[in-house]
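Trainee: I would like to learn how to read a model with two chains. Could you take me through one?
Mentor: Gladly, let us look together.

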Amino acid sequence: MKTIRYTEEQVIEAVGPLTRTRLHRFVEAECLMPARDGGEVVFTDADVARIELLCELRDDLDIGDEALPVVMNLLDQVHGLRRELRRMALAIERQPAEVRAEVLRTRQELEEG
Amino acid sequence: MDDPYDILGVAKTATDAEIKSAYKKLAKKLHPDLNPGDTASEARFKEVSAAHDLLKDKAKRARFDAGEIDAQGQEKPQRRYYRDFADEGDGGAYHTTEGFDDLSGVFDDLFGAGARARATRQGQRMQMRGRDALYTMRITLADAVTGGKQRITLPTGETLDVTIRKGTTDGQTIRLRGKGGTGYGGAPDGDALVTISIMPDPRFRIDGRDIHVDLPIGIDEAILGAKVEVPTVTGRVKMTVPAGAQNGQVLRLKDKGLGGDQLVTLTLTMPEHIDDDLAAFMRSWREKNGYDPRRSV
């Protein structure tokens, strides 16, 4: 359950196409927001997976430095939406059967206008 | 794996550039992180990257074309995509619930975004709450048990006082309101989120809110009972070992844990030397009081 934390050096070592310049550029563009431990920047597993994604978006999918923050911002919004949607679905699931049916019926009505 | 040329949808005579462009086209569509909710995309993306890995390598491609190797063996170890973390909630720092303001009143209530949205509409002026700043802080086990104030130094040289509550657990996050990035256009400043990481102490094992410690005792102490000293996170305390204590028996020290107790496991330790007296005594004791400790096995 303990989160492993990596230093800047360890992350650069672990992710092939990553250089220090590139890492700093990701942070400056706010595509990456690593935590700080005292004065030192530390990275979690989630940060590392995000860095891999950022490198692939740049190298394999030709998404340029300018477009990268836009893509990530939209992606983060998708994840935020998905999480809230999941919570909402769970909340509805925990209602009695008749309430669930009513919610679904209302939803259908809205769709049909 | 099927034929890599088929997977990428290119001819056997395709140039390197054609292969690369076919791969990019498919990756844009199939990359699992661009399809957060689509589990099938992961399998297809894996197939496509494996095909690309084989065909982009001139030597491997030539051997495949000559029938020397098949398309197997290109499997990469299981990879965790960013979406896996974001879905588990580890991406918490990144995913945002800002921008739902327009959806409905229900969402306003849920996310507390309503107030922010209303302020923006009234002001007719761009407002943005400051970003949250993330920090981690390492504390000792003793600090976690007793609580107290700790200071962290920010990269800017400023310092921040963090109050550690009694019984703080590893991984807990403390929110310091308004200590994050500066808000824009009169909007509130962001918060500082400090994640606590407790430095391990080899003597103690943490289990939820309890702390475990092993305590060696001698055979005389086990048989006759004894008052012994036990290390706790905050120093040594006296504890009574009952007469006839068993190896592995667990004694409880109330309120010496992280909001829980300290559990002391007794480990029976034999004397380093068994002298003639002890051996002779055990022989005569056995004659009268012999027992079978393995009845149950």
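Trainee: Which pattern does chain A follow when read along the sequence?
Mentor: First, some ground rules: this is a predicted model, where local features need pLDDT of at least 70, side-chain atom pairs count only at pLDDT 80 or more, and totals for chains, interfaces and linings use all residues. Residues are numbered from 1 along each chain as its sequence is written, while chains are lettered from A and ligands numbered from 1 in the order in which they are written. Helices (H or I, at least four residues) and strands (E, at least two) are DSSP runs, numbered from the N terminus. On that basis chain A reads α-α-β-β-α-α-α, with five helices and two strands. Chain B has 10 helices and 11 strands.

Trainee: What percentage of each chain counts as buried?
Mentor: A residue is buried if 20 or more other C-beta atoms, placed from the backbone, lie within 10 Å of its own. For chain A that is 24% of 113 residues; for chain B, 20% of 297 residues.

Trainee: How many residues does each chain give to the contact between them?
Mentor: Two residues are in contact if their C-beta atoms, placed from the backbone, lie within 7 Å. Here chain A contributes 29 residues and chain B 30 residues. On the chain A side, β1 (35-37), α3 (45-59) and α4 (68-93) each supply at least two residues, and the largest share, eight residues, comes from α4(A).

Trainee: And which classes of residue make up that side of chain A?
Mentor: Ala, Val, Leu, Ile, Met, Phe, Trp, Tyr, Cys and Pro count as nonpolar, Asp, Glu, Lys and Arg as charged, and the others, Gly among them, as polar. The side of chain A that touches chain B has 13 charged, nine nonpolar and seven polar residues.

Trainee: Which strand of chain B is joined to β1(A) by bridges?
Mentor: Two strands pair if DSSP finds at least two bridges between them. β1(A) runs parallel to β1 (residues 133-139) of chain B, with two bridges joining them. There, A:D37 stands opposite B:T136.

Trainee: Now helices: how is a packed pair described?
Mentor: By the angle between the two axes and the distance between them. Axes are lines fitted to C-alpha atoms, for helices over the stretch in contact, and angles run from 0 to 180 degrees between N-to-C directions. In chain B, α2 (residues 16-30) packs on α3 (residues 39-56) at about 165 degrees, with the axes 10 Å apart. That makes α2(B) roughly antiparallel to α3(B), a term for angles over 145 degrees. Among the residues that meet are B:Y23 and B:L26 in α2(B), and B:F45 and B:V48 in α3(B). By class, this contact has eight nonpolar, two polar and three charged residues.

Trainee: What is the strand order in the open sheet of four strands in chain B?
Mentor: The order is β6-β7-β11-β10, with mixed pairing. β6 (205-207) and β10 (250-253) of chain B are at the edges with a single partner strand each, so one side of each has no neighbour in the sheet. From one strand to the next, the twist averages 35 degrees. β10(B) is antiparallel to β11 (residues 262-269) of chain B, with four bridges between them, and B:L251 has B:V264 as its bridge partner.

Trainee: Where is there a hairpin?
Mentor: In chain B, two residues link β8(B) to β9(B) as a hairpin. Strands β8 (residues 226-232) and β9 (residues 235-241) are antiparallel over seven bridges, and B:E229 stands opposite B:K238.

Terms used: Parallel < 35°, antiparallel > 145°, perpendicular 65-115°, else oblique. Buried ≥ 20, exposed ≤ 12 C-beta atoms within 10 Å, placed from the backbone.
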